[in-house]
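Colleague: I'm new to this one. Can you walk me through it?

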Amino acid sequence: MNYYTGTLWKDLNSADKTIRTRAQAEWDQRDTRYAERYRKEKVLFPADFIAALEKTHGFHDYKIEAITMHMEAWPKRFCTVTLSDGETVFELTFQNVSACMVCCPSLHAGPPNELRWGYVEIGHKGRQLTLSVLCDFENEFTFWFKSVSVRTKTR
């Protein structure tokens with residue numbers, strides 16, 4: 001994550017007002033810079049994905065129900081992330097995944113037995129699209145892929 005970091009997110013929730021105030025100012029600056037980048041990058045992504053992202057406020061606080069990697073030969077390799085707010089389920093499928101990074105030093109930072117989607121950053125590197133997600137304060141993942149599709153269902 002380049003704009004939204006776990007350390008900064010923790011500081012926003014600090015008991016110390018001085019730390020919170022400083023963190024809020026920095027968060028606002030980073031949020032403004034990312035908003036500029038997002039406007040440029042979103043045109044590279046499928047419209048249905050961007051619509052879902054914007055409708056759900058970036059899937060903030062959605063429960064990650066599953067992350068499934070399908071390790072078939074390139075270019076068939078794909079990953080599916082299933083998210084839910086309790087009523088609506090989104091299944092994001094990242095096709096032609098060339099790399100992924102999952103860093104979960106502690107699965108105890110959020111609610112028990114849950115991993116929540118926090119903040120997202122989209123972008124691209126060369127011909128690959130990227131999606132990075134900060135979950136709770138410590139855990140994050142990034143995918144590098146060619147395309148993404150969205151499937152929605154109601155419970």
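**Core, sheet and helix**

Modeller: The largest nonpolar core has 38 residues. Those with the most contacts inside it are F49, F59, F94, W117, I122, L131 and F145. Such a core is a set of buried Ala, Val, Leu, Ile, Met, Phe, Trp, Tyr and Cys residues joined through side-chain atoms within 4.5 Å.

Colleague: Which strand gives the largest share of this core?

Modeller: Strand β6 (residues 128-135), with 5 residues. Strands (E, at least two residues) and helices (H or I, at least four) are DSSP runs, numbered from the N terminus.

Colleague: What kind of model is this?

Modeller: This is a predicted model, where local features need pLDDT of at least 70, side-chain atom pairs count only at pLDDT 80 or more, and totals for chains, interfaces and linings use all residues. Residues are numbered from 1 along each chain as its sequence is written, and side-chain values use heavy atoms, with hydrogens and water left out.

Colleague: Back to F59. What is F59 in contact with?

Modeller: A52, L53, L83, F90, L92 and W117, leaving aside neighbours within four places in sequence. Contact means heavy atoms within 4.5 Å.

Colleague: Now the open sheet. What is its strand order?

Modeller: The order is β4-β7-β6-β5, 4 strands with antiparallel pairing. Two strands pair if DSSP finds at least two bridges between them.

Colleague: Why is one side of β4 and of β5 left without a neighbour in the sheet?

Modeller: β4 (99-103) and β5 stand at the edges, each with a single partner strand, so one side of each has no neighbour there.

Colleague: How many bridges join β6 to β7?

Modeller: 7, and β7 covers residues 139-145. The bridge partner of L129 in β7 is F145.

Colleague: New topic. Is S84 buried or exposed?

Modeller: S84 counts as buried because its relative accessibility is 2%. Buried means under 20% relative accessible area, exposed over 50%, partly exposed in between (1.4 Å probe, protein chains only). S84 is found in strand β2 (residues 78-84).

Colleague: Which residues does S84 touch?

Modeller: Y62, K63, E65, V89 and R155, not counting residues up to four places away in sequence. A side-chain polar contact of 3.2 Å joins S84 and R155.

Colleague: And α2, how many residues does it have?

Modeller: 25, residues 17-41. α2 reaches 35 Å from its first C-alpha to its last, close to the 36 Å expected at 1.5 Å a residue. The expected span is 1.5 Å times one less than the number of residues.

Colleague: What do the buried residues of α2 pack against?

Modeller: α1 (6-12), α3 (47-55) and β5 (117-125). The buried residues of α2 are A23, W27, R30, Y34, Y38 and E41.

Note on methods
A polar contact is a pair of N or O atoms within 3.5 Å; within protein, one must be able to donate a hydrogen and the other to accept it, and residues adjacent in sequence count only if both atoms are side-chain atoms.
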